[in-house]
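These notes are for a colleague opening this structure for the first time.

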Amino acid sequence: MSIRVDNIRKQFGSFVALDNVSLDFPTGELTALLGPSGCGKTTLLRIIAGLETADSGRVVLEGEDASSASVRERQVGFVFQHYALFKHMTVFDNVAFGLRMKPRAERPSEQQIAEKVHRLLDLVQLDWLADRFPSQLSGGQRQRIALARALAVEPRVLLLDEPFGALDAKVRKELRRWLRRLHDELHVTSIFVTHDQEEALEVADRVVLMNHGHVEQAGAPEEVYRHPSTPFGYSFLGAVNLFHGRVEGGAVRVGEDALPHDHSDLEHGAEVLAFARPHELDIITDTGSTEGVAARVSRILSFGVTARVELDGANGATGRHFEVELTRAEVTRIGLQEGQSVRLVPSRLKVFPKPEERPAAEPRR
Amino acid sequence: MAGATTLHAGTDRAARFESRAATREPGWVKWALIGVSLSFFALFLLLPLVAVFHEALKKGWDAYLAALTNPDALSAIKLTLTAAAIAVPLNLVFGVAAAWAIAKFDFRGKHLLITLIDLPFSVSPVVAGLIYVLVFGAHGWFGEWLIDNDIKVIFAVPGIVLATLFVTFPFVARELIPLMQAQGRDEEEAAIVLGANGWQTFWHVTLPNIKWGLLYGVVLCNARAMGEFGAVSVVSGHIRGETNTMPLHVEILYNEYQFAAAFAVASLLALLALVTLVIKTWIEHRAAADDVPPQESAPLASTT
């Protein structure tokens with residue numbers, strides 16, 4: 001089922017959680033709402049579910065305005081960050097709950113319920129835990145039971161609120177893959193909220209990046225990652241190097257150094273933010289060169305396939321820190337040493353006019 | 001309050017407290033503390049209790065039974081049970097409603113409501129009784145109207161029930177509020193999303209989560225309802241065989257120097273207290289058993 005939200009606005013006191021958000025969620029897709037905490041993503045999810053009402057705007061489910069429909073009428077499945085399993089019921093009773101609460105006329109027989117519950121428990125691969133209580137399960141198991149419970153009533157959409165947020169890193173990674181497989185099997189229109197960019201990029205068909213109650217960008221993970229359309233998008237998705245500077249013709253002047261750029265729409269003298277990913281910076285060891293910006297190698301971390309080089313800015317970029325990713329072979333080839341003075345030349349540079357109202361987004365690691 | 005579970009957890013912590021060198025006190029401190037509290041307990045709690053039963057049975061079983069089967073005594077027992085039977089269920093409903101409102105909703109005046117719930121604890125029971133006399137008495141606000149319509153509230157059973165209701169109101173609500181606040185709204189939201197209506201959500205999700213706290217509140221509420229003296233005394237009028245509750249009956253007998261009879265009725269109240277304590281302990285035990293996550297006993301490491 002398709003979901004559309006139109007001009008949703010929601011305010012808590014003086015805090016604007018959602019500022020005229022409009023989005024489309026096509027049928028059968030798994031969409032991630034991604035953003036830092038307080039960006040309004042969970043509020044949006046709860047408004048779609050009907051657990052929260054918007055101050056203005058519409059929620060359209062399958063072409064029908066559902067803004068005033070109650071939670072129950074919307075037939076959504078909701079998975080909570082902290083599982084919200086019924087503590088006093090067994091796993092089986094938890095999953096059967098939605099079916100047993102149906103009006104008598106629609107309620108399946110106990111036998112049908114039992115069959116369905118076992119089928120769902122098989123689906124989440126936890127049938128052997130049917131008689132346990134939630135307190136006897138691990139976090140990952142609980143969340144899978146919560147998912148089975150949500151699926152039992154055959155929801156038209158599945159909404160997941162930071163489903164893996166309360167789990168440790170290893171389990172989170174496993175469940176991520178598992179959720180993706182499950183979605184490929186079921187094809188229920190799903191939206192999940194996360195603040196973990198890796199999770200969003202890895203699992204979702206589409207990523208909606210949110211900040212301060214606005215949608216910053218929406219698109220395929222690859223596209224959102226490769227071509228962020230705002231400075232926020234650049235700094236939020238993955239590690240990034242940021243240069244503050246001013247446009248001077250075909251270059252960005254950073255202190256005493258200049259970085260060439262290929263944007264044609266930038267005004268001369270405009271204050272800009274320039275971004276380059278760690279793998280988009282080349283290190284030049286030739287001290288005579290005047291290309292790029294000057295920096296000093298502070299640390300070389302080479303325990304993976306790739307090596308990460310941390311640098312401190314010199315000249316105009318003093319006090320800034322940079323990060324470059326390159327192969328270990330390359331580090332050996334150019335004979336990089338800690339403390340060495342080098343120059344950084346971006347192979348690709350994305351330049352944005354400096355945003356005025358909000359403080360500039362700092363690069364995030 | 002939330003006593004049902006907190007008290008029980010103390011035993012574990014005490015063991016840890018004592019086994020660590022940093023917090024271990026010298027032996028004499030330990031024994032002095034235990035000695036002081038035990039002798040206080042014996043002198044001020046146990047001794048009076050023993051005295052009640054001793055005095056009650058002083059003149060033998062026959063006198064004891066005669067005092068209890070006296071028509072006035074039976075009437076007092078009946079009235080006490082009636083008042084409790086009305087006040088406790090009503091306070092159960094009010095208490096759950098108030099706790100629900102406070103824990104699950106946000107509204108203006110919430111703090112005022114929480115403060116008001118405590119009013120019966122902070123105001124003297126005599127004042128509570130006088131309030132009802134002022135409102136419903138012959139010279140009170142509604143006095144004339146009540147007389148015109150031939151309704152008796154003060155010096156009659158309704159007044160006693162009202163006074164009992166007032167003084168016992170906080171027990172259930174106070175027990176439930178912290179419990180329901182701690183549990184949050186997640187499970188209720190989950191139930192509603194799964195298609196349960198309001199009543200189903202309350203019955204299948206909320207109630208099982210609060211049952212021990214609720215029972216605990218009801219037991220305490222009942223004990224106070226049966227034992228209340230001050231407020232009831234003001235509104236009762238002490239009409240023998242009609243508006244005397246057990247505590248009032250005890251006082252009358254005592255004032256008439258019928259000590260054995262007074263203590264016989266008093267022993268019933270003391271027995272009630274003992275039964276209450278037993279039930280309370282049992283609830284605490286059950287609640288603790290429900291609360292202990294059995295994780296340690298079932299290590300289910302595998303997560304995939």
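1. In this predicted model, Arg343(A) and Asp257(A) are joined by a salt bridge, with 2.9 Å between the closest N and O atoms. The two residues sit in distant parts of the chain, 86 residues apart: Arg343(A) belongs to strand 19 (residues 341-346) of chain A, and Asp257(A) to strand 13 (residues 257-260) of chain A. Arg343(A) counts as buried, at 11% relative accessibility. Asp257(A) is buried as well, with a relative accessible area of 6%.

2. Some salt bridges share partners. One network formed in this way takes in Lys173(A), Arg176(A), Asp196(A), Glu198(A), Glu199(A) and Glu202(A). Over all chains, the whole structure has 38 salt bridges.

3. A further pair is Asp205(A) with Arg180(A), where the closest N and O atoms are 3.0 Å apart in a salt bridge. This pair too links distant parts of the chain, 25 residues apart, with Arg180(A) in helix 6 (residues 169-186) of chain A and Asp205(A) in the loop between helix 7 (197-203) and strand 9 (206-211) of chain A. Is Arg180(A) buried or exposed? Arg180(A) has a relative accessible area of 19% and is therefore buried, as the cut-off is under 20%.

4. Asp93(A) and Arg100(A) form a salt bridge through their side chains, at 2.9 Å from N to O. Asp93(A) is partly exposed, with a relative accessible area of 24%. Arg100(A) is also partly exposed, and its value is 25%.

5. Arg74(A) deserves a separate point. This residue lies in helix 2 (residues 71-74) of chain A and counts as buried, at 3% relative accessibility. Which backbone oxygens does the side chain of Arg74(A) reach? One is the backbone oxygen of Ile47(A), at 2.9 Å; another is that of Ile48(A), at 3.1 Å.

6. Apart from neighbours within four places in sequence, Arg74(A) is in contact with residues including Ala49(A), Gly50(A), Val59(A), Leu61(A) and Arg156(A). Val124(A) is 50 residues from Arg74(A) in sequence, and the C-alpha atoms of the two are 24 Å apart in space.

Notes: Residues are numbered from 1 along each chain as its sequence is written. Chains are lettered from A and ligands numbered from 1 in the order in which they are written. This is a predicted model: local features need pLDDT of at least 70, side-chain atom pairs count only at pLDDT 80 or more; totals for chains, interfaces and linings use all residues. Side-chain values use heavy atoms; hydrogens and water are left out. A salt bridge is a side-chain nitrogen of Lys or Arg within 4 Å of a carboxyl oxygen of Asp or Glu. Buried means under 20% relative accessible area, exposed over 50%, partly exposed in between (1.4 Å probe, protein chains only). Helices (H or I, at least four residues) and strands (E, at least two) are DSSP runs, numbered from the N terminus. Contact means heavy atoms within 4.5 Å. A polar contact is a pair of N or O atoms within 3.5 Å; within protein, one must be able to donate a hydrogen and the other to accept it, and residues adjacent in sequence count only if both atoms are side-chain atoms.
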